[in-house]
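Here is a report on selected local features of one model.

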Amino acid sequence: MTSQEGYPGIAGVYLNREEITEDKLHMWTVYVRLKVLTEKGKDYANVELKYGSSNSGGGYTVNNISGRTIHADGTIIPFTGKPYEKLIEKTQGYDGYKHMAKIFTMPSVEIGSIIEYRYSLRYDDYYFFAPSWFIQSDLYLRKGHYVWKPTDKQLVSKRDGHEQLTNSIGWFPVLPKDAQIQQTRLPAISPNPNGQLILSLDVHDVPPAPQEEYMPPISSFTYRVLFYYSPYRSAAEYWQSEGKYWSKNQDKFIGPGSKVAGFVHELTVPSDSQEQKLHKIYAAVMQIENTDFTRAHETAEDKAAGLREIHNTDDILDRKRGTSDQLTALFVAMARAAGMKAYVFAVTNRDRSMFTNAYLNMSQLDDSVAVVNLDGKEVYFDPGSRYCPYGHLDWRHTFAGGIRQTENGTALSDTPGEPYTFSRTQRIAELKMNEHGEVSGIVKLTYMGAPALAWRHRSLRGDDESFRRELRTNLEHLLPGGVDIKVINILQLENYEQPLTVEFTVNGPVGSPTGKRLFVPADIFMSNAKPAFPHEKRDLAIYFDYPHMVQDAIRIHLPATITAESVPSPDTEQFKKSALYTLTNEQKPDSVTIRRNFTLGEFLFDAKDYTELRAYYSKIENKDQENIVLANAPQTNAPKPALSSN
């Protein structure tokens with residue numbers, strides 16, 4: 001076997017994958033048999049098994065690792081290495097939960113080899129975990145076999161401070177049409193009077209997960225089965241009951257306590273309007289360290305500083321730091337202390353997944369935003385997203401589903417979106433060309449809304465030098481090759497209420513000479529743009545993250561020795577009521593100015609619109625590749641000096 005029919009160039013193929021979960025043994029076993037087809041496929045020799053461990057129990061351990069490499073000629077090389085452990089992340093809290101990985105490398109893997117290995121995941125004897133079967137990956141799956149043998153014991157579910165008896169099982173499936181979960185029950189044998197229930201799934205010829213441009217979060221679309229234990233008979237019952245306990249715990253943590261109330265009293269004055277109070281509260285929370293963008297602090301550090309464990313928002317205020325969700329809770333606490341109705345809204349991060357109310361599991365809600373009733377109108381805030389402007393949401397939390405607190409309890413709901421006018425990028429180039437066709441000047445990039453927030457978040461991940469290098473590299477990817485770029489100014493980086501502006505100096509060639517002519521990209525910011533949709537067919541919806549605008553203006557001042565022979569003609573292209581493209585020019589004897597505007601009013605398009613949308617993008621991409629044609633200016637003959645009569 002040297003390839004997989006229908007998938008030329010695929011790195012490898014899962015010949016067989018098997019996962020068996022036995023609650024009686026508190027163990028999952030995994031078996032993998034993988035064929036390596038390309039050089040890239042050799043990367044699958046490096047196996048990383050992620051697991052979690054906790055001081056209070058309930059974590060996993062990985063053991064019983066064995067394997068071998070089988071060469072195409074039949075030679076077998078057994079795995080004799082020793083896996084090593086790596087700490088991925090350690091969470092805060094009394095239980096000291098650690099995200100770990102056990103890593104090993106299969107020996108002597110080459111193109112044509114078969115990699116074969118198995119391992120076990122074990123968990124504490126007093127815990128039971130429903131499995132998740134992830135059927136589809138980045139490789140083709142020839143054959144898959146999945147089994148779960150659940151316990152028949154009466155279980156106690158402990159979460160969010162409450163306990164419930166449960167022994168019923170549910171699942172959320174996303175499967176190929178011909179695949180079904182089979183339920184069988186073995187004959188009753190003591191001590192199991194009902195007989196062992198077995199849930200199984202067999203699949204074959206599962207294609208790789210789609211890899212398409214601008215696609216929704218892939219975790220919402222790949223084939224999978226997500227199991228869960230549940231004491232509830234319906235989704236409505238689950239979300240109503242679980243929402244009640246979740247909201248109760250949120251309120252217990254939020255308070256507000258005496259310290260938060262005192263802080264708000266000092267921060268505001270009685271004459272402030274609700275709007276003024278909320279502005280002050282939001283600004284105060286934004287000044288607190290967000291540890292999701294800095295680092296987690298060890299328990300020993302807190303003890304040395306005389307700080308107790310975190311139990312409520314007073315503790316967050318004492319520390320002057322907290323996670324994104326903790327800062328959101330603190331903002332809600334302060335708003336309540338100021339006399340306003342404020343609520344927490346738990347959402348699914350839209351960059352990672354989509355909320356599914358049919359999947360009865362609160363773990364899919366991974367972020368929190370705030371809702372405040374301001375003068376009778378509900379306004380949404382994202383204080384946990386560092387530098388997010390007042391009254392707005394990070395795009396990952398817009399159009400997002402989840403569960404929120406209400407005046408009368410909780411409700412499943414969706415967050416609002418932001419209009420296309422909120423997220424804008426303006427790119428301005430003021431350039432001067434010399435007689436050799438090289439340009440020098442200033443490029444100014446201004447970011448608003450989501451693009452500004454993204455760059456501000458990047459600035460928190462490293463030092464000033466690395467951030468400037470990232471800004472410069474970003475512009476290098478836009479402009480023609482060979483242009484020297486330097487960052488000279490970064491304006492309003494920490495002022496999240498203002499646009500973020502970055503100024504560069506540029507120097508170098510921007511065009512391609514041909515004989516006596518020079519071809520310069522009309523919009524130099526689009527000179528390296530690749531086709532948005534190169535493939536003719538499409539399976540998934542088209543997903544652009546958020547509505548936005550891009551506005552370009554390029555002015556090139558020409559020397560007396562060069563004239564503009566031709567410039568791209570003005571154009572306007574519209575896609576239904578969702579997108580608008582305009583290109584205009586302004587030509588003078590000593591300069592050429594090109595203005596390009598693109599507006600995307602929607603972020604999600606159905607797959608059935610793909611052909612028309614692709615044709616639209618192709619049309620504007622062709623327009624973007626048109627050039628300004630420059631030529632040597634004709635030289636006028638100077639008048640000869642008059643002869644003297646002497």
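## Helix α9 and its cover

The cover over the buried residues of α9 includes β30 (542–543), β33 (571–575), β34 (579–588), β35 (591–600) and β36 (604–605). Contact here means heavy atoms within 4.5 Å. Helices (H or I, at least four residues) and strands (E, at least two) are DSSP runs, numbered from the N terminus. The model is predicted: local features need pLDDT of at least 70, side-chain atom pairs count only at pLDDT 80 or more, and totals for chains, interfaces and linings use all residues. Residues are numbered from 1 along each chain as its sequence is written, and side-chain values use heavy atoms, with hydrogens and water left out.

Helix α9 spans residues 610–624, 15 residues in total. From first C-alpha to last it reaches 21 Å, close to the 21 Å expected at 1.5 Å a residue. That expected span is 1.5 Å times one less than the number of residues.

Which residues of α9 are buried? They are Tyr610, Leu613, Tyr616, Tyr617, Ile620, Glu621, Lys623 and Asp624. They sit on the same side of α9 because they cover an arc of only 160 degrees around the axis. The arc is that of the directions from the helix axis to the C-beta atoms. An α-helix has 3.6 residues a turn, so residues three or four places apart point the same way.

The face turned away from the buried side of α9 carries the exposed residues Thr611 and Asn622. Buried means under 20% relative accessible area, exposed over 50%, partly exposed in between (1.4 Å probe, protein chains only).

Most residues other than glycine have a negative phi, and most peptide bonds are trans. The bond from Gly255 to Pro256 is cis, with omega near 5 degrees. Pro256 lies in the loop between α1 (235–254) and α2 (258–267).

Ser108 has a positive phi, near 50 degrees. Its loop runs between β7 (98–105) and β8 (114–123). Ser108 is partly exposed, at 42% relative accessible area. Phe399 also has phi near 50 degrees. Phe399 is in the loop between β21 (377–381) and β22 (401–406). Its relative accessible area is 36%, so Phe399 is partly exposed.

## A four-stranded sheet

An open sheet of 4 strands runs in the order β28-β29-β37-β32, with antiparallel pairing. Its edge strands, β28 (512–514) and β32 (562–566), each pair on one side only. Two strands pair if DSSP finds at least two bridges between them.

β32 and β37 (residues 627–632) pair over 4 bridges in the antiparallel sense. Ile562 has Asn632 of β37 as its bridge partner.
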